[in-house]
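Student: I would like to learn how to read charged pairs and strands in a protein model. Could you take me through them slowly, with the general idea before each case?

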Amino acid sequence: MEISKIKGYINIAHKAGYLIIGSDALKGYDKKLYSIIYDKSALKNTLKVVNYFQEKSLPIKEVDNLEELTSIKNCKIIGLKNKNLSDLILKLLND
């Protein structure tokens, strides 16, 4: 897993406005999402959101230390709303 590339792509997505950050923001989000990435240390409310999107057959990836990847303090879950960036990040995370 190439952490620097993943960080770069997530940073690009954040600056371009393609990230939905946090379980509260994702709960009310009803537009198209292409993937969800969440931290292994996520708690019950975040896992409820993960389960909701699993039912919609959305690609979901669990990672260690999402806060480090996103450079966002206390970040436990993000949603990506750009297909190309989502595919690139998921491919790097799966390698």
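**Charged pairs and a covered strand**

Tutor: Let us begin with one residue of this predicted model: Lys40 is partly exposed, with a relative accessible area of 47%.

Student: Which side chain does Lys40 meet in a salt bridge?

Tutor: The general idea is that side chains of opposite charge can pair when their charged atoms come close. In this model the side chain of Lys40 meets that of Asp64, with N and O 3.8 Å apart, which falls within the 4 Å cut-off for a salt bridge. Lys40 sits in the loop between β2 (35–39) and α3 (44–55), while Asp64 sits in the loop between β3 (60–63) and α4 (66–70), so this pair ties together parts that are 24 residues apart in sequence. Asp64 is exposed, at 55% relative accessible area.

Student: How many salt bridges are there by this rule?

Tutor: The count comes to four. Among them is the bridge between Lys83 and Asp87, whose closest N and O atoms are 3.2 Å apart. Because these two residues are four apart in helix α5 (residues 83–94), about one helical turn separates Lys83 from Asp87. Lys83 is partly exposed at 44% relative accessibility, and Asp87 is partly exposed too, with 38%.

Student: Now for the strands: are the residues of β2 buried or exposed?

Tutor: In a regular strand the side chains alternate between the two faces of the sheet, which gives us two sides to inspect. In β2, five of the five residues are buried, a word that stands for under 20% relative accessible area. Ser35, Ile37 and Asp39 are buried on one side, and Ile36 and Tyr38 are buried on the other, so that both faces of the strand are covered.

Student: Which strands pair with β2, and in which sense?

Tutor: With strand β4 (residues 77–80), β2 pairs in the antiparallel sense over four bridges, and Ser35 has Leu80 as its bridge partner there. With β3, the pairing of β2 is parallel, again over four bridges, and Asp39 stands opposite Val63. Between β2 and β3 the chain passes through α3, and this β-α-β crossover is right-handed.

Definitions and conventions
Residues are numbered from 1 along each chain as its sequence is written. This is a predicted model: local features need pLDDT of at least 70, side-chain atom pairs count only at pLDDT 80 or more; totals for chains, interfaces and linings use all residues. Side-chain values use heavy atoms; hydrogens and water are left out. Buried means under 20% relative accessible area, exposed over 50%, partly exposed in between (1.4 Å probe, protein chains only). Two strands pair if DSSP finds at least two bridges between them. A crossover is right-handed if, with the strands pointing away from the viewer, the path from the first strand over the helix to the second runs clockwise.
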